Amino acid sequence: MESERSKLPGGAMATTPSRRDVLAGGTAIGGALVAGGVAAVPAQAAGASLTAAPAPPAAAVEPRAAQDSWRRVLDDADPVWRKLPTTWFEGPFIGNGFLGSGIYAEPGGNAVRFTVQHSEVQDHRPEFGSLFGLARLPVGHFTLEPVGTIAGVDWRLRLRDAELTGTLTTDRGTLRLRAFVHASTSVLAVEVTPSRGERDFRWVFHPAESISPRAAHKPVPEGYEANPPAVIEDHGDALGQLTAAVQPLLAGGQHVTAWRDRERRGGRTLYVAVAHSHPRTTARDQALRTVRGAALAPYDLFVLPHRVWWQRYYRKSFLSLPDARLQGFYWIQLYKIASAARKDAPVMATCGPWLESTPWPATWWNLNVQLEYWLIHGSNHLELDAVTRALGEFRDRLTAEVPAPYRSDSAAVPRTTDAGLVNGGATPPDQGFGVGIPGQEPPTPEVGNLTWALHNVWLSYRHTMDESILRDVLFPLLRRAVNYYLHFLTPGPDGKLHLPATSSPEYGVNSTDCNYDLMLLRWGCRTLLDSAEILGVDDPLAPRWQEVLARLVPYPTDGNGFMIGAQVPFAKSHRHYSHLLAVYPLYEITGRTPEERALIETSLAHWISFEGALQGYTFTGAASMSALLGKGEDALGHLGELMDRFIQPNTMYKESGPVIETPLSAAQSMHDMLCQSWGGVVRVFPAVPAEWRELVLHDFRTQGAFLLSAVREAGRTRWVRITSEAGAPCVVQHGVEGPVDVRDRWGRPIAYEEAPGGALRIPLRKGDAALITAAGDRPSLRVRPVEPNAPAARWGLPS
């Protein structure tokens with residue numbers, strides 16, 4: 001079939017690709033055929049649609065406002081503010097994984113606060129532990145101080161451009177503003193265009209006290225003190241004033257905030273950069289150089305590559321569902337994670353780059369990190385995977401985290417570390433949390449966190465099939481993590497291998513044969529054997545791993561389901577699902593038999609039956625476990641509990657302070673409802689609630705390195721398209737009712753095999769694609785946002 005040509009608004013010609021082009025891996029965006037839909041939209045093609053079929057007759061072409069799928073869903077998801085936010089969990093936030101800014105009212109003042117924080121800024125005094133001596137350090141904030149008294153705001157966070165726009169109204173006039181943190185250069189830029197009565201507004205920088213934020217919540221260690229105050233320096237040049245706040249560190253080094261307020265054509269643009277250096281004092285020169293370069297460009301020029309980055313980012317995948325509030329929430333999470341994460345940035349601390357008053361100023365490895373990054377896999381954003389990069393880069397430091405007798409062959413990650421995965425040694429629990437030794441305390445023997453973190457690395461491998469991830473990071477580190485367990489496994493009178501007492505994170509009671517560790521150990525040994533086979537490694541420890549799989553004691557259970565461990569039943573409210581990891585996310589126990597399904601259902605119901613300590617991620621875990629069981633209504637109900645009880649106006653989340661993992665993991669729970677790919681099977685729409693009759697997925701990444709597109713219409717799956725990036729075995733539980741047609745990129749039938757559970761085994765080589773439809777059906781393959789079941793209020797403070 002020949003490509004059809006049509007005119008775009010403005011007279012530009014656009015080519016709509018043929019079905020052959022699309023099945024070969026392209027997506028039409030603004031008339032340009034690009035692999036997987038990853039491209040910036042040319043300005044003249046702003047009305048393009050996401051197309052996988054020839055264009056309809058002219059009479060059927062949608063209005064321009066409805067044609068660009070990404071633009072529609074992003075514009076619909078934009079948070080808005082009609083009143084001034086007063087806290088970090090109400091206001092807009094912008095960032096790039098390093099530099100972050102939250103915007104809200106200055107407490108007790110007639111001003112707007114723009115926080116300035118940076119994920120690399122930390123202390124370097126390991127003798128005081130990861131929560132004080134190695135903690136994230138606050139940088140400071142700017143206040144935008146108007147002439148008149150603030151009367152109101154009208155702001156919009158434009159997700160597609162990652163840019164805050166709007167006005168601040170006072171009794172003397174208006175301040176029109178635009179603000180963003182550059183996607184690829186750590187610069188905050190804020191343009192303010194004042195009316196006549198507000199021409200004398202001013203910016204003021206307020207350096208923060210350079211002390212661990214935990215000091216406001218917990219007693220400081222003996223001998224610990226704040227770093228010296230920042231020194232304000234003038235570095236003005238021919239272009240005007242240039243200022244630096246130089247913060248010296250007692251451990252050596254510095255962090256520096258530099259800024260320039262540049263006036264152009266009736267407006268002023270503030271350019272701000274932050275740099276950190278240790279032990280050298282090079283941050284000043286770096287920050288000044290960055291600001292000087294940025295301020296040479298006017299706002300409209302400086303923002304262009306930033307906008308291109310974000311448009312390319314969003315177009316790597318697409319999701320639309322008829323729940324308007326959840327759809328908006330989802331796209332805000334995609335915005336949030338790219339604002340908080342980069343592959344080369346530090347692994348996210350509990351609050352991402354937006355440091356606020358918090359008792360958690362470190363990176364937490366017994367749940368937080370894992371949940372923070374799950375979203376990147378299905379949404380096709382492995383470019384944000386800091387976990388794999390950091391574990392590979394700092395692997396030698398993880399050897400030092402186990403006690404000296406075990407360092408020759410073992411490694412572990414403590415509960416809390418700094419950006420470089422350092423804990424600071426054996427410290428009291430209120431300063432940092434070491435790994436511990438099974439059967440001993442203190443420190444608490446919480447030893448499974450590295451193995452769980454490596455499950456994230458395994459997910460990155462499975463979603464890309466990149467063997468370098470196995471060879472360079474997963475296999476060598478997982479080998480050492482499992483070795484630490486092997487030192488303590490002992491045979492019991494029953495002939496089974498048992499573990500001495502270890503800790504199930506946060507439950508507060510140690511137990512022998514702790515399920516948290518048994519589940520991770522079994523997964524670890526299985527994964528090591530599979531990895532060795534893939535890599536062609538004849539490892540001398542393979543017989544030991546096989547012995548563990550054969551002889552490891554079964555998971556302790558009772559009438560209420562999974563216990564904490566052999567000596568400790570699950571008997572109190574507990575937010576963490578550490579005792580359920582074999583169900584989720586490890587998918588070692590999936591309900592294959594009626595007995596196994598009953599065990600999951602009993603355990604899940606018992607876990608969430610205890611009110612009191614339940615928190616937001618309790619409900620994301622419950623939603624994903626319900627999705628595993630195919631219970632879409634239950635999964636949606638758990639997400640509803642999360643939204644109603646815990647999610648804040650700007651979609652942030654808090655437990656004493658900012659904690660970023662829960663909203664991000666809620667987006668993953670939505671993924672689990674729409675696509676699952678554990679166990680070598682891609683499951684399309686496995687847990688859809690009845691009210692979600694219309695659904696769209698496009699270029700959703702699955703295990704096996706497949707890109708999945710699928711559409712559900714009127715309560716049934718119309719078509720599924722799957723493209724192989726690696727030539728891995730392809731088994732698809734497609735959900736299309738009745739007999740099906742399976743066709744290749746040229747529309748020719750593909751021979752396939754029936755697999756259990758209504759799945760198809762389709763032979764796909766690297767680069768091949770298959771389209772699955774009902775037999776004889778030729779549905780339109782045009783992908784567009786679905787219509788919402790009902791209107792929903794925007795996120796932010798819309799009224």
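Where is E506 found? E506 sits in the loop between β24 (502–503) and β25 (510–511), where helices (H or I, at least four residues) and strands (E, at least two) are DSSP runs numbered from the N terminus. You're looking at a predicted model, with local features needing pLDDT of at least 70 and side-chain atom pairs counting only at pLDDT 80 or more, while totals for chains, interfaces and linings use all residues. Residues are numbered from 1 along each chain as its sequence is written, and side-chain values use heavy atoms, with hydrogens and water left out.

- E506 has a relative accessible area of 31%, so it counts as partly exposed (buried means under 20% relative accessible area, exposed over 50%, partly exposed in between, with a 1.4 Å probe and protein chains only).
- A714 also has a positive phi, about 55°, although it is not a glycine.
- You'll find A714 in the loop between β33 (706–713) and β34 (716–724), and at 45% relative accessibility it is partly exposed.
- E441 and P442 are joined by a cis peptide bond with omega about -5°, and P442 lies in the loop between β21 (416–417) and α12.
- Another cis peptide bond runs from Y584 to P585, with omega near 15°; P585 belongs to the loop between β27 (561–562) and α16.

- Why is helix α10 (residues 386–393) largely enclosed by the rest of the structure? Because six of its eight residues are buried.
- Those buried residues of α10 are A386, V387, T388, A390, L391 and G392.
- They pack against α8 (368–373), α11 (395–399), α12 and α13 (467–486).
- Setting aside neighbours within four places in sequence, L391 is in contact (heavy atoms within 4.5 Å) with W365, L398, L421, L450, A453, L454, V457, V473 and L477.

- T243 is in strand β16 (residues 243–248) and is buried, with a relative accessible area of 7%.
- Apart from neighbours within four places in sequence, T243 contacts I232, E233, T257, A258 and W259.
- H606 is in helix α16 (residues 594–608) and is buried too, at a relative accessible area of 14%.
- Not counting residues up to four places away in sequence, H606 touches N560 and F570.

**Cavities and pockets**

- First, the terms: on a 1 Å grid over the protein atoms alone, a cavity is a set of points where a 1.4 Å probe fits but cannot get out, and a pocket is an open set with protein on both sides within 12 Å along at least five of seven lines; lining residues have an atom within 4 Å of a point.
- Grid points are joined across faces, edges and corners, and a volume is the space filled by probe spheres set on the points.
- The largest pocket has a volume of about 580 Å³.
- Of the 30 residues lining the largest pocket, W458, R462, G679, G680 and Q703 lie nearest its centre.
- α14 (515–535) is one of the elements giving two or more residues to this lining, and α14 gives the most, with six residues.
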